[in-house]
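I opened this model to look up a few local features. The entries below are in the order in which I wrote them.

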Amino acid sequence: MKYNIKGEPMPVVICDLEENESMITEKGSMVWMSPNMEMKTAAGGFGKALGRMFSGESIFQNIYTAKNGVGMIAFASSFPGSIRAVEITPEHPIIVQKSAFLAATGDVKLSVFFHKKIRTGLFGGEGFIMQKISGSGLVFLEIDGSAVEYQLSAGQQMIIDTGNLAMVDESCSIDIKAVKGVKNVFFGGEGLFNTVVTGPGKILLQTMPLSGFVDTIVAKLPKNNGNGN
């Protein structure tokens, strides 16, 4: 499979598939395709469907397969940002925020990922559950805003504001650190907690989380004065 990512900050990934090659995606991600692409909708078993539901994704997935020759299919981002391609191997699974998965080749598996520490899930900004992507193949991730990549060495840490962690290698550990100081908590404007990621492994950060964008828009909306105006 060959691919080309175009059009940031409203990106689309255009994939050229060999005959009988397949890709999976969540509902609504496909934007155009050649006529010989055959679609099949499946849940992939009750356990997998339930896991996707808990992680905030669609219960069903669409499988697109090129029939009777090479095929073309395109998947678009749902929010201004970036699309990044990540190679997945059995030795290199990744953990992503629950809205990051866009599309993947057929041998990539999605499952629910539970944080080992409850406080990480409760205060980590993206909820208690994230997604684990494993197997073998290529996955395309949807990033809010621009993507910034860091490679952490063993024991090296990065402190990240809530919601800005898009992807992390499974070899890294994730924890939550409370903001110190009463003034910092109440007047710093950065929230109560930060996410702490410890290497070794790669992390992918996003500069404009959808949650932060929504909060900014809501804060700018006119307030109801109680008179219905």
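I worked on a predicted model, where local features need pLDDT of at least 70, side-chain atom pairs count only at pLDDT 80 or more, and totals for chains, interfaces and linings use all residues. Residues are numbered from 1 along each chain as its sequence is written, and side-chain values use heavy atoms, with hydrogens and water left out.

Sheet. I found three strands in an open antiparallel sheet, ordered β15-β18-β17. Strands here are DSSP E runs of at least two residues, and helices are H or I runs of at least four, numbered from the N terminus; two strands pair if DSSP finds at least two bridges between them. β15 (157-160) and β17 (173-178) are at the edges with a single partner strand each, so one side of each has no neighbour in the sheet. Between β17 and β18 (residues 193-198) I noted six bridges. Isoleucine 174 has valine 197 in β18 as its bridge partner.

Cis peptides. I looked up the bond between glutamate 8 and proline 9, which is cis with omega about 20 degrees. Proline 9 sits in the loop between β1 (2-6) and β2 (12-17). The bond from glycine 199 to proline 200 is also cis, omega near 20 degrees, and proline 200 is in the loop between β18 and β19 (201-206).

Positive phi. Asparagine 20, not a glycine, has phi of about 70 degrees and lies in the loop between β2 and β3 (22-26). For asparagine 68 I noted phi near 55 degrees; this residue is in the loop between β6 (61-66) and β7 (71-76).

Isoleucine 217 is in helix α4 (residues 210-220). I logged this residue as partly exposed, at 41% relative accessibility (buried is under 20%, exposed over 50%, partly exposed in between; 1.4 Å probe, protein chains only).
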